[in-house]
Amino acid sequence: METARRRRRAPLDPRLVREVAAARRHVVRTVALGLVQAACVIVTALVVARLGAELLVEGRVPQAAPGLLLLLVVALALRAGAVLVEEATAHRAATAAIGELRGRIVDHAARLGPRAGAGRGADLTALATTGIENLRPYLVGYVPQLLLTLTITPLCLLTIGVLDPLSAVIALVTLPLVPLFMILIGKLTVGRSEKLLVDMRSLWAQLLDLVDGLPTLRALGREKGPEATVRRLGDRHRTSAMGSLRYAFLSSMVLELLATLCVALIAVSIGMRLVYGEMELAPALAVLVLAPEVYLPLRNVGARYHASTDGLAAVDAAFTVLAEQAPADGDRPAPDLASSTLALRGVSVRSRDGMAPHRAELTARPGRVLALTGPSGAGKSTAAHVMLGLLPADEGRAEVIAADGTVTAVQDLERRSLWAQVAWLPQRPVLPAGTIRSVLTAARPGAEQTALEAAAAATGLDAVIAERGWDTDLGRAGRGLSLGERQRLALTRAVLSPAPLVVLDEPTAHLDGAAEDVVLDLIRDLRSSGRTVVVIAHRSRLVEVADDATSVTSMATASKEVAR
């Protein structure tokens, strides 16, 4: 089925033209410039033919030579200008199209939530960066030549038919040989671009996961193991890339040779008829000038065929992500979470190992601390995602119970009105780039220095600030800090946030015993201030500080318990 789908793929993906404005403008502009180039080629051929015929046959310069030469210069200048404009605008159009498509991919993946199908995590990062860049050679090289095939080739062929029908017949017979050989070469390379893109995305995913987890691996003394996997993926990617280059060089040689032989057939036919006086010199010269132009766009399309397969594979991967149905946003404003209860009613979510969680029941009451417990893989984080509206439940539902008793399903709420009242600390803290001060200020704009210092002292971040300073520059996701220091920075942001609901996913995972005590005191302070806290916990001390505890299980765990 996948092979059949690739065979039906159009050389110019209609989704790209229909949904990406920059690509659509690029196509229209290229067609217009192609018509200008075709007119210039035909004028050039006719002028050269008349000048050459009168010089060679009559032995004199024609009286209209100045005007013809001026026309020739104008035609050549117009064609050169059209080519320059096409190349310059093609690069700008490719940049704009890639940027537009990349923005749509990232925005749509964010709406899809934590489990964004094929575009999840590091795989999405690879697609939105290196993967989508394969569109550049496709839009800059392949698409313009494809459109020139639809403008220059038929117009030049029509002109040849008017001047010399026999040469037009020869061109019509030999012209299909070029796409025929392109198809044969395509059969040799079918699936290679998709495989190359998959290999690249796998390599990116492995590298990103390795880099993110490198501090932990070093702490555990396991940093020497994963390089073998990365090396193996790199070798596979290099082998695929070199294989594509071999086929690219082979196809270019074959198409060059074929186009040369086709033009030679026309030239031999014209030469024989000139020898026997069966054809005049002027149309013969014009046809000889036009004949290479008939084959040139097709030959260039074949030479750039591999750019087309790489580009189409990137387009297909991008629109696969965009085609995934995002959960519909609700139309009801979220109630005040400071006085509302959040609950899951029989919630189950499908995973690779069955339902995780399986029929989860939990209630987070205002002003209390709820601990979610259970074995790894039971679906504790997933249950929190469902509760926050980040992920739809396959069974059951998440709901918010307002202070007046009104029950509303989370899926019916406007997500932004709900998320504006939530401070969420995932297992791997998500931090913006900037200084420590700017990162903290972003959590509470306009916060005074005393408030920042008090929050830092409550989480133990003050020790980090004393060592590094408030204006230490941090990279993306807190680069430059250890995992424990990032955790403290993220906790400080949660403290500064005015959100009435705080969700902490393993907040002590990267902290030592002393830092863990600070987090426990922080949770108590959050509760004392009237905020609702949901803690995903493995450690018993986190459970002990909670007012309520709910065990989350997966279908696999439930089955084992039944078997016992």
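**Aromatic pair, helix packing and sheet in a predicted model**

A search of the whole structure, which is a predicted model, turns up one aromatic pair. The partners are Tyr138 and Tyr142: their ring centres lie 5.7 Å apart and their planes make an angle of 15°, so the pair counts as stacked. The cut-off behind that label is a plane angle under 30 degrees. Both tyrosines belong to helix 6 (residues 135-149), and because they are four residues apart in that helix, about one helical turn separates Tyr138 from Tyr142. A pair of aromatic rings is described by two quantities, the distance of the centres and the angle of the planes.

Helix packing comes next. Helix 3 (residues 21-58) packs with helix 4 (residues 65-112) at an angle of about 160°, and the two axes are 8 Å apart. Since angles over 145 degrees count as roughly antiparallel, helix 3 and helix 4 are therefore roughly antiparallel to each other. The crossing of helix 3 past helix 4 is left-handed. In the contact between these two helices, 26 residues are nonpolar, four are polar and five are charged.

Four strands form an open sheet in the order 4-1-6-7, and their pairing is antiparallel. The edges are taken by strand 4 (360-364) and strand 7 (407-409); each has a single partner strand, so one side of each is left without a neighbour in the sheet. On average, and with direction ignored, neighbouring strands of this sheet are turned by 20° against each other. Strand 1 (residues 341-348) and strand 6 (residues 395-401) run antiparallel and are joined by six bridges. Leu344, for its part, has Ala398 in strand 6 as its bridge partner. Helix 14 (residues 380-387) packs on this sheet, where it touches strand 1, strand 4 and strand 6, and the direction of helix 14 makes about 120° with that of strand 1.

The peptide bond from Ala356 to Pro357 is cis, with omega near 5°. Arg359, although not a glycine, has a positive phi of about 50°. As background, most peptide bonds are trans, and most residues other than glycine have a negative phi.

Key:
Residues numbered from 1 in each chain as written. Predicted model: local features only at pLDDT ≥ 70, side-chain atom pairs only at ≥ 80, totals over all residues. Heavy atoms only, no water. Axes fitted to C-alpha atoms, helices over the stretch in contact; angles between N-to-C directions. Helix = DSSP H or I, 4+ residues; strand = E, 2+ residues; numbered from the N terminus. Parallel < 35°, antiparallel > 145°, perpendicular 65-115°, else oblique. Left-handed = near helix turned anticlockwise from the far one by under 90°. Nonpolar A, V, L, I, M, F, W, Y, C, P; charged D, E, K, R; others polar. Pairing = 2+ DSSP bridges. Contact = heavy atoms within 4.5 Å. Phe/Tyr/Trp six-rings, centres within 6.5 Å; stacked < 30°, edge-to-face > 60°.
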